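Please look at the sequence and the structure below, and then read the short report on side-chain contacts that follows.

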Amino acid sequence: MNIEAIRLGKIKELPGSDLEDEELSQIDLSRVNLAGATLVGTNFAGSKLEGAHFEGANLMGANLQETDLRANLMGANLMQADLTSADLRGANLRGANFMGAILTDACLAGAFLNGANLMNVNLQGVDFRGADLRGANLIGANLKGADLSRADLQGALLTQANLEEADLREANLAGANLTGANLLCVELEAANLIGANLEQACVVGTILEVFPE
């Protein structure tokens, strides 16, 4: 594989390639096609990846710090990947696996996370404004202080999730499972909680409102 040609942007079609542990940081890889590629441990830190294709790619343990990752990552394996300060606004993350990933200061506003696996992930303070999280697995996730305003969490699994001080104004939580969740001091103004399961949830300091049937 000609890594230098990739770094210079001369090669854009790389579906199924094996670039494990390669150094691809601080370069412009916008619109590159890495669908189904093996990118385990690859260093993309600071790179421009807008419009790139990572559908089904294996990015386990990859360094994606401070990347412009407004890309297609549908079904990608992002387990243990470092997404610190990554720009994922509007990204296609449907069915992606984030278990063990680092998302400190990442922006996922407007991202599509339908059916994504975020189980037990630390998402404290993450920006999910207007994100589509329908059916996402957020069991045990730490969402303390996260901005989930106007997010669609219909049918999401939030069992034992920590939502303390999270912003859920105008969020859609219809049919969501919040069993045992921590909803301490959560903002829920105009949120849709119809059919949500709040059994054993902690709601101290939270005003619960539901839309009329």
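This is a predicted model: local features need pLDDT of at least 70, side-chain atom pairs count only at pLDDT 80 or more; totals for chains, interfaces and linings use all residues.

In this structure the count comes to one aromatic pair, where rings of Phe, Tyr and Trp (its six-membered ring) pair if their centres lie within 6.5 Å, and planes under 30 degrees apart count as stacked, over 60 as edge-to-face and the rest as tilted.

Residues are numbered from 1 along each chain as its sequence is written, and side-chain values use heavy atoms, with hydrogens and water left out.

The structure also holds 12 salt bridges, a salt bridge being a side-chain nitrogen of Lys or Arg within 4 Å of a carboxyl oxygen of Asp or Glu. Among them are these:

| Salt bridge | N to O distance |
|---|---|
| Arg70 and Asp68 | 2.8 Å |
| Asp87 and Arg89 | 2.7 Å |
| Arg134 and Asp152 | 3.9 Å |

Arg134 and Asp152 are 18 residues apart, and Arg134 is partly exposed, with a relative accessible area of 37%. Asp68 counts as buried at 14% relative accessibility, whereas Arg70 counts as partly exposed at 28%. Asp87 is likewise buried, at 16%, and Arg89 is partly exposed, at 40%. Lys48, Glu50, Asp68, Arg70, Asp87 and Arg89 are linked in a network of salt bridges.

Notes. Buried means under 20% relative accessible area, exposed over 50%, partly exposed in between (1.4 Å probe, protein chains only). Helices (H or I, at least four residues) and strands (E, at least two) are DSSP runs, numbered from the N terminus.
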